[in-house]
Amino acid sequence: MTNKESNEKRRDFLKKIALGGLGLTTLPLIMSSKSEDEKSLKKIKNDLILPDNKFPKDFLWGTATAAYQVEGAYKEDGRGLSIWDTFSHKKGNIVNNDNGDVACDMYHSFKDDIKLMKDLNTTIFRFSISWSRIFPDASGKPNQKGIDFYNRFVDELLANDIRPFATLYHWDLPQYLQDKYKGWESKETSKAFGEYAACIGKNLGDRVNDFFTINEFRTFIEMGYGSGVFAPGTKLPEEKLGQVRHNAVLAHGLAVQALRTNSKNKVRVGLADNLSIAVPVVETRENIKASQIAMREINASYLTVILEGKYTEKYLKSFSTNALKYTDEELKIISSPLDFVGLNVYNPTHLIEAADNKDGYKVIPFAKSFPTTTSKWELIAPEALYWATKHVKDIWNVNEMYITENGSSSIDEKTADNKIYDTDRISFLRNYLTQLQRATSEGVPVKGYFYWSLMDNFEWTSGYSVTFGLYNVDFKTQRRYPKMSANYFKEVATNNKVM
Ligand code: GBH
């Protein structure tokens, strides 16, 4: 069309509108707008370019759970009590005085629940083993029925082509270790953990190839032995917490070695750490460098000592002489080489700016209006996923990582026909996965992602009042209902891209 022709067309069109405006020719106006519409619709149909946000080929998708949060059957087949049984049975510790006696009853329903994983098109699953099912009492004699449960569970996963990733410790310490040694306050507990790991290696190491030793040191230590709001409810001063942290990272190292020496196959071992995450407040070169320096320091007691085999000077200086008891030999054990590092990422912990001070960085406060999910601790900042993984690669040269947890706590409203439109969870996921894809597209070696959690479950001190699942659980009937986010996640897993 020449300019002249198109000007003429426009004039015709304007004339029609003018007439239409007088109410004289309504018909041509409608016809004209319809054909204009068709043009636009045709463009929509033909010109679609899909977003290019694929994850690397062979990227793995799965979900995660933990024994005490889902299994129930707390007295069955010779299981001993753990500190979370004791803690949750004490009135006032948990919202609504809920407990994990029954939870999702996965001990009995695991075959059906594995079908749910299949329905999501996922190929990996992260679960934890209940230590007190395996060693129920101080006798040191393993409980065969407990081992058999995990044999059945693992065999069922494998039969469904789902690769099991087992966590040895997701906070449910056998009660007798708490009673006898004050739990993680003693190195006896670290040794006991090594023996437990050896037993798991012997019994499952022929079929489970991937292990995480310990889940989230920071949470169960700072909250269980510091503020005392988690089991076992101990409140120690900072000066004494250092030893508890050391005993736990030592246990991790002992377990790495025990798993390797006792498994029939060449098993791969890592940990699942909710590292403290330093995010550069503005992504300038200076701030990024400063956030790397911060990152090493704020993880001094866990990830840094595990990956470097030494505590930072600043961390050591924070204790008075003899407050921390450890040997060089222990540091070697703690830093036993790993096959991969698992990261639980929900929110950033520090916003960082470069500074001309002795630390080399400054911590910027989170604004009061910083957005969160329904859990007030869960600041919504998807870039945490990018910076957590990029920092771990850049600082410690880690060449294989998994996101062992990430998920949103939402208010899930059920419609009359049992549908849950958890669109905030979908938005959360899309934004976090976009940042993860940003990382992998730059070559950050993240190999897989586990959504927390497969289904709603016992959310520690929040009981059943806080929900993270892709499946809703009706705790009266134990029926599972897929939320809209289950659909979303299935699309992600199927297409291997942000959807
Ligand atoms: C993970 O912790 C856990 O590994 C998992 O078991 C848990 O279900 C999941 O996240 C969701 O919470 O209640 O205000 O005292 C993530 C880190 C640390 C977040 C403890 C909640 C309690 C805050 N968690 N924190 S509060």
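A: P232 is located in the loop that links helix 10 (217-226) and helix 11 (238-262); helices (H or I, at least four residues) and strands (E, at least two) are DSSP runs, numbered from the N terminus. The model is predicted, so local features need pLDDT of at least 70 and side-chain atom pairs count only at pLDDT 80 or more, whereas totals for chains, interfaces and linings use all residues. Residues are numbered from 1 along each chain as its sequence is written, and side-chain values use heavy atoms, with hydrogens and water left out.

The peptide bond leading from A231 into P232 is cis, with omega near 5°. A cis bond also connects W452 to S453, where omega is about 10°. S453 belongs to the loop between strand 11 and strand 12 (471-474). As background, most residues other than glycine have a negative phi, and most peptide bonds are trans.

A103, in the loop between helix 4 (83-89) and helix 5 (106-119), is not a glycine, yet its phi is positive, near 50°. K182, in the loop between helix 8 (175-181) and helix 9 (187-204), is likewise not a glycine and has a positive phi of about 60°. Accessibility is classed as buried (under 20% relative accessible area), exposed (over 50%) or partly exposed in between, with a 1.4 Å probe and protein chains only. A103 is buried at a relative accessible area of 4%, while K182 is exposed at 52%. G309, which follows helix 13, also has a positive phi, near 75°.

Helix 13 (residues 300-308) is largely enclosed by the rest of the structure, because 7 of its 9 residues are buried. The buried residues include A300, Y302, L303 and I306.

The strands complete the picture. Strand 10 (residues 401-405) is mostly covered, with 5 of its 5 residues buried. Strand 7 (residues 341-344) runs parallel to strand 10 and is joined to it by 4 bridges, two strands being paired if DSSP finds at least two bridges between them. V341 has M401 of strand 10 as its bridge partner. Strand 10 also pairs in the parallel sense with strand 11 (residues 446-452), over 3 bridges, and Y402 stands opposite G448 of strand 11. Together with helix 17 (residues 423-441), strands 10 and 11 make a right-handed β-α-β unit: with the strands pointing away from the viewer, the path from the first strand over the helix to the second runs clockwise.
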